[in-house]
Amino acid sequence: MKRWNYLWIVALLLCGVATANAQTNPQLSINETAATSADLLKATREYKSNSEDLLKLQEDEIKKAKQKLEQLRQLVADGLVARNELAAAEDSVAALQATLEATRKKIGDAEHMIAEIQSEDIRKTQMVAQAGLVNKARSLVRPTVLRYNGAANWSIANLGGIQNFFSSTFGRSLPTSAVGQSATHNGLGWDHRNSVDVGLHPDSVEGRTLISFLQTQGIPFLAFRGAIPGVSTGAHIHIGRPSQRLS
Ligand SMILES: [Zn+2]
């Protein structure tokens, strides 16, 4: 909405300058369809620059008119020229002065608009930067999922071999949190019938040892470093193929 307001203001300002300044800027116009803020900024700067050029011409013109007026005053004082000639010349200077003030106002308006377009651009840039930071923060906290597509023909019936390896290595049983389908998996809507979840963080010594064992055996797994909404309730190692949605 704001952009269209700018556009209309630019269009109106340019129409104004086109009539006021036809001989100096015959080509001054705006392509309304290409109204990006960069285009608006460029058009407004051009408008301001043209107005400033016009202002210089008008200042010269008024300076000359004032000089003539002074000469005329002298001639009237000397009784060489009729007094009513003086009034006409004074009106002319006043009219030029009014035109000059109008040009100054246009320059001021253009400056104001340039500032508004720039602050709008800065606001947008900040929003984009902020969104970037949020995304970056998200990716930092997002738990990494390690995926290993083992070639072995994995079946939940092979779980015994993994349990034996783990208990013989660490002297305790494999901390499984779900063997096959569980209430949690039903709740999340995953088919977990041929998978086993192990409650180990993939970066822990036990977790890393289990992962390297699974890799040497060609057993597929997924390792979660944390919770992923709707997928994983926390850090764990999922032994088996990635779960399919329960249909
Ligand atoms: Zn699982």
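This is a predicted model: local features need pLDDT of at least 70, side-chain atom pairs count only at pLDDT 80 or more; totals for chains, interfaces and linings use all residues.
Trainee: Which span should helix α2 have, given its 41 residues?

Mentor: In general, an α-helix has 3.6 residues a turn, so residues three or four places apart point the same way. Here, at 1.5 Å a residue, helix α2 (residues 37-77) should span 60 Å, and its end C-alpha atoms are 58 Å apart, which agrees. Just after α2, G79 takes a positive phi of about 75°.

Trainee: Which residues of α2 are buried?

Mentor: They are L40, A43, T44, Y47, K48, N50, S51, L54 and Q58.

Trainee: What is the order of the strands in the open sheet?

Mentor: Strands of a sheet pair through backbone hydrogen bonds, either parallel or antiparallel. In this model the five strands follow the order β1-β5-β6-β4-β2, with antiparallel pairing. Strands β1 (145-148) and β2 (176-179) stand at the edges with a single partner strand each, so one side of each is left without a neighbour in the sheet. On average, neighbouring strands are turned by 15° against each other, direction ignored.

Trainee: How many bridges join β5 to β6, and which residue stands opposite F224?

Mentor: Strands β5 (residues 221-224) and β6 (residues 236-239) pair over four bridges in the antiparallel sense. F224 faces H236 in β6, while F221 stands opposite I239 of that strand. Four bridges also join β5 to β1, again antiparallel, with Y148 opposite F221.

Trainee: Are the faces of β5 covered or open?

Mentor: Both faces are covered: F221 and A223 on one side, and L222 and F224 on the other, are all buried. Helix α6 (residues 205-217) packs on the sheet and touches β1, β4 (196-198), β5 and β6. The direction of α6 makes about 20° with that of β6.

Technical notes. Residues are numbered from 1 along each chain as its sequence is written. Helices (H or I, at least four residues) and strands (E, at least two) are DSSP runs, numbered from the N terminus. The expected span of a helix is 1.5 Å times one less than its number of residues. A residue is buried if 20 or more other C-beta atoms lie within 10 Å of its own, exposed if 12 or fewer, and partly exposed in between; C-beta atoms are placed from the backbone. Two strands pair if DSSP finds at least two bridges between them. Axes are lines fitted to C-alpha atoms, for helices over the stretch in contact, and angles run from 0 to 180 degrees between N-to-C directions. Two residues are in contact if their C-beta atoms, placed from the backbone, lie within 7 Å.
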